[in-house]
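Me: Please take a close look at one part of this structure and its neighbours. Give the cut-offs as you go.

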Amino acid sequence: MEQSSVLLQSDTNELEIVEFRIDELNAAGRTAENYFGVNVAKVREIIRIPQLWKVFNAHPAVAGMIKLRDKVISVVDLSTLLNKSSAQPPDRIVVLEFNRLTIGVLVHAVSRIYRISWTQVEAPGRAVECSQVTGLVKMEDRIILLLDFEKIIGEICPEYALQAFNASPEEEGASLRTRADKRILVADDSPFIRNTITATLRNAGFQVEEAENGQIAHDMIMEKLRRNGDNILNEINLLITDVEMPQMDGLHLTSQLRKESGLAQMPIIIFSSMASDDNRRKWGELGAAAIITKPDIPLLVELIDQLTSGQ
């Protein structure tokens, strides 16, 4: 799949989503269509289902393995994972790449690609009782649910899950005391990932605030700037932001904050599952102090120590 123009830009506050369908039988025995989406930036390709090899002792949602050119990858049955029972077998595999992982997901159909603004993406709220959903998009005749594939893969394959990191007392020593006056803001729309990051930072001794999306983080920081003027470091020493977030993504957030002269001393770390080498080069122009991928959570504490040492 070729990258389109929106993926070649870093400050549009837009994304493109691949819409796909998971069908299920409703109470009347008829087929009901459920629409889901994933960021195009995570989609490597879409293929017809080749021969599947079974994986022994695997999670029930792992349908098997396929050979995809030079590698063997696992394939996840989203119908099983989402408790959808269908009379029709899946027809396509959407091959995803994120967090240095390649994995396939079985779907009944792939519809089309939509280019939308992050302001159109809403938090799921109580109306969507599914912990794997991070956002929804209201179309004219349906709702597209955006899935939290980092959490999904973590549930199926714990070895790939983002886990809180605790350094040993010998490694920490006096660092806990020196970090006690450092205030970190974490912006991530996934409760699973946000809680993991904040647990790691709090265990390391930092004070941590949380924001559910980029817009909330922006408003929090601007309010702190209003109260403190150029002394923003009195209230926040560093921002850690995801990229994919409703209302305002992390790239637009970074760009907007860098336009404020009073925030010049506040380091920003972009912490994203899409932090490939190409994206690092592209995103680096926005003014982030560091860009790391989500499996590298042990690096966060080290990076924060480095970036806040002179404050």
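Reply: The axes of helix α5 (residues 191-203) and helix α9 (residues 297-308) come within 10 Å and cross at roughly 45°. That makes α5 oblique to α9. The crossing is right-handed. On the α5 side, the contact is made by T196, I197, T200 and L201. I297, L300, V301 and I304 supply the α9 side. By class, that is six nonpolar, two polar and no charged residues.

This is a predicted model: local features need pLDDT of at least 70, side-chain atom pairs count only at pLDDT 80 or more, and totals for chains, interfaces and linings use all residues. Residues are numbered from 1 along each chain as its sequence is written, and side-chain values use heavy atoms, without hydrogens or water.

Now the terms. Axes are lines fitted to C-alpha atoms, for helices over the stretch in contact, with angles from 0 to 180 degrees between N-to-C directions. Under 35 degrees is roughly parallel, over 145 roughly antiparallel, 65 to 115 roughly perpendicular, and the rest oblique. Right-handed means the near helix is turned clockwise from the far one by less than a right angle. Contact means heavy atoms within 4.5 Å. Ala, Val, Leu, Ile, Met, Phe, Trp, Tyr, Cys and Pro count as nonpolar, Asp, Glu, Lys and Arg as charged, and the others, Gly among them, as polar. Helices (H or I, at least four residues) and strands (E, at least two) are DSSP runs, numbered from the N terminus.

Next, a strand. Strand β2 (residues 31-39) and β11 pair in the parallel sense over three bridges; pairing takes at least two DSSP bridges. Y35 has I144 of β11 as its bridge partner.
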